[in-house]
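Trainee: I have just opened a structure that is new to me. Could you show me how to read its features, one at a time?

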Amino acid sequence: MRIGIGYDVHKLVEGRDLIIGGVNVPHEKGLLGHSDADVLTHAVMDSILGALALGDIGKHFPDTAPEYKGADSIKLLEYVNNLIKEKGYKVNNIDCTIIAQSPKMAPYIKNMRENFALALDTDIENINVKATTEEGLGFTGSKEGISAQSVCTIVKVDK
């Protein structure tokens with residue numbers, strides 16, 4: 001078994017959709033980034049890449065590459081899943097957290113879990129998504145941005 005951790009943060013801005021875990025969450029602001037800026041999916045990908053000792057998402061999907069401008073992060077997660085399979089592993093468990101003062105994420109968490117399970121070709125029971133605020137503290141608490149953390153375990157597949 002191998003373990004990886006991931007973290008990502010993006011600034012909230014006007015004029016962008018708020019995509020979290022592959023779900024378009026209704027909000028007056030969205031996240032700024034080269035791709036769709038899906039902070040949660042980025043943290044999940046980094047945790048997987050860490051477990052595989054393959055660097056981070058910046059190495060695989062640089063923000064200077066025009067082909068990733070506006071990219072759907074769930075599609076990028078599918079690419080990462082192919083890397084898992086190539087290395088002879090499968091996802092054992094993902095536990096991730098969205099850190100945002102607003103909007104409330106609870107109504108969208110089931111869809112996020114479904115998106116991750118589908119992209120990673122695993123059972124939804126292997127995916128946990130939760131959300132928290134920071135009680136008004138820091139950049140997330142002041143609604144300047146949203147961050148996410150993820151821990152992933154992967155296991156070798158018997159041949």
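Mentor: Gladly, let's begin with one residue and its surroundings. Leaving out residues up to four places away in sequence, Leu12 touches Leu18, His27, Lys29, Gly30, Leu31, Lys143, Glu144, Gly145 and Ile146; contact means heavy atoms within 4.5 Å. Leu12 sits in strand E1 (residues 2–13); strands (E, at least two residues) and helices (H or I, at least four) are DSSP runs numbered from the N terminus. Before we go on, this is a predicted model, in which local features need pLDDT of at least 70 and side-chain atom pairs count only at pLDDT 80 or more, while totals for chains, interfaces and linings use all residues. Residues are numbered from 1 along each chain as its sequence is written, and side-chain values use heavy atoms, with hydrogens and water left out.

Trainee: Is Leu12 buried or exposed?

Mentor: Buried means under 20% relative accessible area, exposed over 50%, and partly exposed in between, using a 1.4 Å probe and protein chains only. Leu12 has 7% relative accessibility, so it counts as buried.

Trainee: Which residues does Thr140 contact?

Mentor: Setting aside neighbours within four places in sequence, Thr140 is in contact with Ile99, Gln101, Glu134, Gly145, Ile146 and Ser147. Thr140 belongs to helix H5 (residues 138–141), and its relative accessible area of 1% makes it buried.

Trainee: How do I read the packing of two helices, and at what angle do H1 and H3 pack?

Mentor: Axes are lines fitted to C-alpha atoms, for helices over the stretch in contact, and angles between N-to-C directions run from 0 to 180 degrees. Angles under 35 degrees count as roughly parallel, over 145 as roughly antiparallel, 65 to 115 as roughly perpendicular, and the rest as oblique. Here helix H1 (residues 39–51) and H3 have axes 10 Å apart, at an angle of about 10°. H1 is therefore roughly parallel to H3. On the H1 side the meeting residues are Thr41, His42, Val44, Met45, Ile48 and Leu49, and on the H3 side Ser73, Ile74, Leu76, Leu77, Val80, Leu83 and Ile84. By class, this contact has 10 nonpolar, 3 polar and no charged residues. In this sorting Ala, Val, Leu, Ile, Met, Phe, Trp, Tyr, Cys and Pro are nonpolar, Asp, Glu, Lys and Arg are charged, and the others, Gly among them, are polar.

Trainee: And how far apart are the axes of H3 and H4?

Mentor: The axes of H3 and H4 are 9 Å apart, and the angle is about 40°. These two helices are therefore oblique to each other. Ile74, Leu77, Glu78 and Asn81 of H3 make the contact with Asn115, Phe116 and Ala119 of H4. Those residues divide into 4 nonpolar, 2 polar and 1 charged.

Trainee: Which residues of H4 are buried?

Mentor: In helix H4 (residues 109–119), the buried residues are Ile109, Met112, Arg113, Phe116, Ala117 and Ala119. Their cover includes strand E2 (19–20), strand E3 (23–24), H1, H3, strand E5 (89–99) and strand E6 (127–132).

Trainee: What about aromatic rings: how many pairs are there?

Mentor: A pair of aromatic rings is described by the distance of the centres and the angle of the planes. Rings of Phe, Tyr and Trp (its six-membered ring) pair if their centres lie within 6.5 Å; planes under 30 degrees apart are stacked, over 60 edge-to-face, and the rest tilted. The whole structure has 2 aromatic pairs. Phe61 and Tyr68 are edge-to-face, at 5.3 Å centre to centre and 85° between the planes. Phe61 and Tyr79 have centres 5.5 Å apart and planes at 75°, so this pair is edge-to-face. Phe61 lies in the loop between helix H2 (57–60) and helix H3 (73–86) and Tyr79 in helix H3, so the pair ties together parts 18 residues apart in sequence.

Trainee: Which backbone feature joins Ser102 and Pro103?

Mentor: Most residues other than glycine have a negative phi, and most peptide bonds are trans. Ser102 and Pro103 are joined by a cis peptide bond, with omega about 0°. Ala37, though not a glycine, has a positive phi of about 60°.
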